[in-house]
Amino acid sequence: MRWFCTAVIVTAVGTMLLAAEEKAKMIRFSKDDLGKVPAGWKADKTGKGAGSVWQVVADDTAPSKTGHVLAQTAESPGSVFNLCVADKPSVKDVEVIVAFKAVKGKQDQGGGIVWRYQDAKNYYVARMNPLEDNYRVYKVVAGKRIQLETKEDLKVPAGEWHTLKIKMMGDQIECYLDGKKQLEAKDDAFAKAGKVGLWTKADAQTYFDDFQVSDLAK
């Protein structure tokens, strides 16, 4: 009987772990895509002008321990939002987690997460800017960025790894920084599923790693 109970528990735990793995998709970057946009991703931009140059680069400090990260490397004009979006999955109720490190930028620094991405002019974005000491969530509608909420006086030193997380269920948005919830907002501009990805503004050159997506509807 004792053996039977143990077997049942082990089986149940294994089933739960398998379900969690199916629900959450972890994306890491490798040397196979060194110097280019990784397979399954597309570089794009909001706004006009040269920029949005994304590529996998080597970084021994990568939290994933792979030694490689995805980087936005261009000094884009101030009006350009640099985007890199995953082809899959397309989700509505979603949780996205990513590690980021601000590397360079005189006009802007840092970066963030995009979700419910319809196209390069329509999506949600939450981003942390170490130059401005603020964490903000926006919607971009027809190419126009509209602020939904902000948290000021947050110190995030450049050159160090930090973690962003967003969670959206229905019209409710929650944004976290290093495990602590900093922002809440409510919006229904994009009520259907969309792609997820990464974002920087202008000349913000930033490294990203350990990109994880969870479909909360599963």
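Buried means under 20% relative accessible area, exposed over 50% and partly exposed in between, with a 1.4 Å probe and protein chains only. The model shown here is predicted, so local features need pLDDT of at least 70, side-chain atom pairs count only at pLDDT 80 or more, and totals for chains, interfaces and linings use all residues. Residues are numbered from 1 along each chain as its sequence is written, and side-chain values use heavy atoms, leaving out hydrogens and water.

**View 1. Lys181 meets Glu184 in a salt bridge, with 2.9 Å between the closest N and O atoms.** A salt bridge here is a side-chain nitrogen of Lys or Arg within 4 Å of a carboxyl oxygen of Asp or Glu. Lys181 counts as partly exposed at 37% relative accessibility, and Glu184 does at 48%. Together with Glu174, Lys181 and Glu184 are linked in a network of salt bridges.

**View 2. Lys139 and Asp187 join in a salt bridge at 3.0 Å, N to O.** Lys139 lies in strand β9 and Asp187 in the loop between β13 (180-186) and β14 (195-201), 48 residues apart. Strands (E, at least two residues) are DSSP runs, numbered from the N terminus. Lys139 is buried, at 16% relative accessible area, and Asp187 is buried too, at 9%.

**View 3. Strand β9 (residues 134-141) runs antiparallel to β10, joined by seven bridges.** Two strands pair if DSSP finds at least two bridges between them. Take a look at Arg136, which stands opposite Thr150 in β10. Both strands belong to an open sheet of seven strands, ordered β2-β5-β14-β7-β8-β9-β10 with antiparallel pairing.

Note on methods. Helices (H or I, at least four residues) and strands (E, at least two) are DSSP runs, numbered from the N terminus.
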